[in-house]
Amino acid sequence: MSMTHPRAGRPRERVLTMRGIGKRFGAVRALTDVDFWVDEGEVVALVGDNGAGKSTLVKVLAGVHPPDAGTIEFDGDLVQIGSPADAQELGIETIFQDLALCDNLDVVANLWLGRELIDGATLDEVDMEQRTWTLLRELSAKIPSVRVPVASLSGGQRQTVAIARSLIGDPRVVILDEPTAALGVAQTAEVLNLIERLRERGHGVILISHNMADVMAVADRVVVLRLGRNNGVYNVADVTSETLIAAITGAADNAASRRAAERPGLVATPSDADVPAGVDDDADGDHEAPPTGGGTVIRMPQTGARRKPGDRTDGRR
Ligand SMILES: Nc1ncnc2c1ncn2[C@@H]1O[C@H](COP(=O)(O)OP(=O)(O)O)[C@@H](O)[C@H]1O
Ligand SMILES: [Mg+2]
């Protein structure tokens, strides 16, 4: 496990680009032509009403549901994520809402479950415990003891353990599905702090949330899904929660948002991969507007990560 920040100081690179993703469940079109991307050290909030397709989109990334259409680039290479093991091997970790912790096991055992450190023929409990403390300190996590069963921890602490566990393999992308949904104010603040630590460490973070305050507090960019399609991509710095809610609910159903539904996500394709987020979409003369006043619609960069010389092209690292 890396305890350093190997990516610090370097320009942020695109980690992940999904294009034209489609997914059907029988007659239900859960996702239609969805575009999505995340950079290193970026927190992207994925928002939308119930049934909008958020969980399905992250399950495509997690290797739970193979997509029917579209492409996924990871570190500049086209990849197929056919299983959860594929996702993990690429460096995509997902923390589902149920957390999937083993309540009867302590914090150390939960962190290292399935990836235990071995010293000869026995588990290296000392090393695992030390590394657990190092990681929790790095996350500024408030866990009183790492030798108590996780059943005895608060909701926020359990979320912390689940997040810490996801970092053992030093993933490129960490996905959190509604991490604060069951938490009170103080515990929510703790988890939001943790998300900021993830960004500092250079992970790309995908945050599914219903809570606009959380989104505005911690995200850099917000991707709105509505009825399985893109319905806007916004920089948090220049959008209001009212605008986001209008995009989520389709309240401001005007000509612009109808066109967005026809041409998903207001996501145009620029010629320059390095267009900074938040650049005016009208540079192409297309005069797309966000669903309602305020907020700058961000366009989809054309290419993913800059490929580094010597990188393999078969999707495996
Ligand atoms: N395994 C499944 N089988 C059938 N339909 C599904 C399945 N998973 C999701 N859906 C449907 O796909 C749509 C999107 O669901 P979901 O991705 O869970 O939305 P969200 O997470 O935004 O609430 C919904 O209509 C949902 O009923
Ligand atoms: Mg969901």
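Strands (E, at least two residues) and helices (H or I, at least four residues) are DSSP runs, numbered from the N terminus, and two strands pair if DSSP finds at least two bridges between them. The model is a predicted one, in which local features need pLDDT of at least 70, side-chain atom pairs count only at pLDDT 80 or more, and totals for chains, interfaces and linings use all residues. Residues are numbered from 1 along each chain as its sequence is written, while chains are lettered from A and ligands numbered from 1 in the order in which they are written.

One open sheet consists of 6 strands in the order 6-9-10-3-11-12, with mixed pairing. Its edges are strand 6 (92-95) and strand 12 (229-235), each of which pairs on one side only. Within this sheet, strand 9 (residues 173-177) and strand 10 (residues 204-208) run parallel and are joined by 5 bridges; Val174 stands opposite Val205 in strand 10. Helix 6 (residues 185-200) packs on the sheet, where it touches strand 3, strand 9 and strand 10. Contact here requires C-beta atoms, placed from the backbone, to lie within 7 Å.

A further open sheet has 4 strands in the order 2-1-4-5, with antiparallel pairing. Strand 2 (28-39) and strand 5 (77-79) stand at its edges with a single partner strand each, so one side of each is left without a neighbour in the sheet. Strand 1 (residues 14-25) pairs with strand 2 in the antiparallel sense over 8 bridges, and the bridge partner of Leu16 in strand 2 is Val38. Helix 1 packs on this sheet, touching strand 1 and strand 2.

How values were computed: Two residues are in contact if their C-beta atoms, placed from the backbone, lie within 7 Å. Axes are lines fitted to C-alpha atoms, for helices over the stretch in contact, and angles run from 0 to 180 degrees between N-to-C directions.
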